[in-house]
Amino acid sequence: MWKLKVAEGHGPWLFSTNNFLGRQTWEFDPDYGTPQEREQVEEARRDYMKNQFRAKPSGDVLKQMQLIKENQADLSLPNVRIGRMEELNRQTVTTALRKALRFTAAVQAHDGHWPSEMSGPLFYVPPLIMLLYMSGTINVVLSSEHKKEIMRYIYNHQNKDGGWGFHIEDHSTMFGTANNYVALRLLGENADGPNGIALSKARNWILDHGGLVMIPSWGKMSLSLIGLYEWSGCNPVPPELFLLPSYLPIHAGKLWCYLRETYMSLAYLYGRKHVGPISDLILLLRKELYNDPYDTIDWNATRHFCLKQFFETLYIYIYIYIYLRIDPPLNFHHRNFIIGFSNIDSLKFHHLLEKIVQNDMTWTIFIFLKKWDQIQFIFIFYTKKVNLTFVHIKNDCMCYANKQSIPSEKILQCQYPNSVSSCFDNTKVTKWFFHILHVLKLIVTIQRIQDDLTSPHPLMQDAIWDILYHIVEPLLKLWPFSNRYVNIACVQKVLHMMACWAEDPNPNSISFKCHLARVPDYLWIAEDGMKMQSMGSQLWDTVFTAQAIIASDLEDEFGTTLKRAHYFIKETQIQENPSGDFRSMYRHPCKGAWMLADRDHGWQVSDCTAEALKALLLLSEMPTDVVGEKIEVKRLYEAVDFILNLQSKNGGFAIWEPSTLPKWFEFFNPTQLFENAMVEYEYDECTSSIVQALVLFKYSFPTYRQRDIEASVMRAIKFIAKSQNPDGSW
């Protein structure tokens, strides 16, 4: 049975700034738990599978069972049920509140924080599996129980169509499906094994949607590292960008910290072009996941590929007239097909037409689609030798049939049915075009769903990538230069590990061993299986829970719970800036701040600092025999200093660091997966938390930096007021 271990760390490759306070890891112990408890876990797993398409998140049953048992909590208070006509009273509300707080206290860890998962995205686990496979350490880091639970998690979150989404609530995407399929195969799943049907559905989904060439840029690079893609099919990420003079206005060191930490590693990996061993499994996956032979793919042509779907819902029958042989002489006879569609995408339509069309004759099918307020014509040409080609006729687009192009001057402004006569000159095409147009009847509702292409590249950006690829990259090749191992988040953690491995592909290197020792910090298990966390939210959950208990007016009854939380908050504050010349490494001062997770995480967060400051100020007003000793005033001052140093010029507060780049820099967003990912933005929520904290601090310490605090609050209030929506909301 799995066991949650809190605030523990042993071995020569682990070290901590505060004795591992807040660390939460899972360990499999075959002797842990009673038979009844083990059956309870299995029952929770069965219940999850039974309802996996109705309720995607887990209920954290394993964690709750263990903590409630360790805390020996009494949860026997009766449930409060209020009848429809029954009036609420103070006693009823207090009973309900006390019951909620008893449960909250029951799931607190002994070090004072509330353990919980912080996951959901389905692209977290696969890169870790790829790294461990590439480095040959997969069996060192992951036991058979780890692998079983990771596979349980992946299968539990597979969609009905066979794919996986960007996150557990998402429709299937190429990024989610390809990554998770590869992870399962690297974990040892056989395509013809017990789960072969699930794998077959996933593989078909990938192939039906264009194969691995349609994966977004992040996926292209990850797959290149293990030999399932080619670096020549990736847009350049020159490491030299990080060596440019820092005074440049668009230096890479000024990017949003998440993106900066991501692309710093990707730039190094791109510069090294590292590829892991090409095993028999990798060669087999090359055959499984591409529609064309791997060695024949034009990788340069795939650099901008990214899956983008259009789902059509057809509510009325489609009447399609199919004509044989359009070659002169125009000697045709027709067949009438009545086809009903529901939630069908273009590729399924492609396969349906292949079933309709027999022999090797050339068929032409005209489909009349109403797309929002625009009429478009889609020409579909089919032969056994040439795949179906979908051509949207709009303005001066070209139309291709059997690799013979129709001149664009014959296809002009085909947007409305009454202007069809202007679309073609007086050729034989015109004769049968109008005939089919009159008998073609369909009503179409189109719902546009973008699968992987959340942030499309402008044409100008694609041109910039092409210049980097074809001109700058060859020139750079002539140039003769070619912590605590807890990173800002799990994506960056794996990428940093990959960079360490690419630099020194030795499983015995000190840096790689230190990295591997911290992998358990990112893994979490629940009844749906083992997943990977972004990092954790230990501090965030603790400060809000403490504030809630204080607001309940039951703090005397739950003093022990508050004392533990108070200790955790105090000991989690960052008390030193990053080591060395951290400003030259583009790190913001963090002394006095709090982070999202634990102190070893080390990345300052504005609203976490504000909420922690609020909690400590409230706790300082309570008796020390109930909640413990107060924090030193000096450390409260340091928190205020950090907050004031974080304010942007517009008065707002960002999450991690002050904004330093203009918003138009988003034009260069390379991710294809995320919008607003280049620049640090200010947020109403962060700004509001900080205003509340500063006002509360000023009430308790009216003389410390009085003018600075008042000026900061006024600027922040103006920012909040300016960002209010016309309807009064934010």
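This is a short tour of the structure, stop by stop.

**Before you start**

The model is predicted, so local features are given for pLDDT of at least 70 and side-chain atom pairs for pLDDT 80 or more, while totals for chains, interfaces and linings use all residues. Residues are numbered from 1 along each chain as its sequence is written, and side-chain values use heavy atoms, with hydrogens and water left out.

**The whole protein**

Show everything. The protein has 23 helices and 18 strands; these are DSSP runs numbered from the N terminus, helices being H or I with at least four residues and strands E with at least two. Of its 730 residues, 53% count as buried, where buried means under 20% relative accessible area, exposed over 50% and partly exposed in between, with a 1.4 Å probe and protein chains only. The accessible surface comes to about 34400 Å², and 55% of that belongs to carbon and sulfur atoms. These areas come from the Shrake-Rupley method with a 1.4 Å probe; for residues, only the protein chains shown count as cover.

**Tryptophan 2**

Select tryptophan 2, in strand 1 (residues 2–6). Tryptophan 2 counts as buried because its relative accessibility is 3%. Leaving aside neighbours within four places in sequence, its contacts (heavy atoms within 4.5 Å) include Trp26, Phe28, Arg45, His146 and Met530.

**Helices 7 and 11**

Next, select helix 7 (residues 174–186) and helix 11 (residues 280–288), which pack at an angle of about 145° with axes 11 Å apart. Axes are lines fitted to C-alpha atoms, for helices over the stretch in contact, and angles run from 0 to 180 degrees between N-to-C directions. Show the side chains of Tyr181, Arg185 and Leu186 in helix 7; they meet Leu281, Ile282, Leu284, Leu285 and Glu288 in helix 11. By class, this contact has six nonpolar, no polar and two charged residues. Here Ala, Val, Leu, Ile, Met, Phe, Trp, Tyr, Cys and Pro count as nonpolar, Asp, Glu, Lys and Arg as charged, and the others, Gly among them, as polar.

**Helix 16**

Move to helix 16 (residues 510–517), where the buried residues are Phe512, Cys514, His515 and Leu516. Their cover includes helix 4 (125–135), helix 5 (138–141) and helix 15 (490–503).

Last, select cysteine 306 and cysteine 490. Cysteine 306 counts as buried because its relative accessibility is 9%; for cysteine 490, also buried, the value is 1%. The structure holds zero disulfides, a disulfide being a pair of cysteine sulfur atoms within 2.5 Å.
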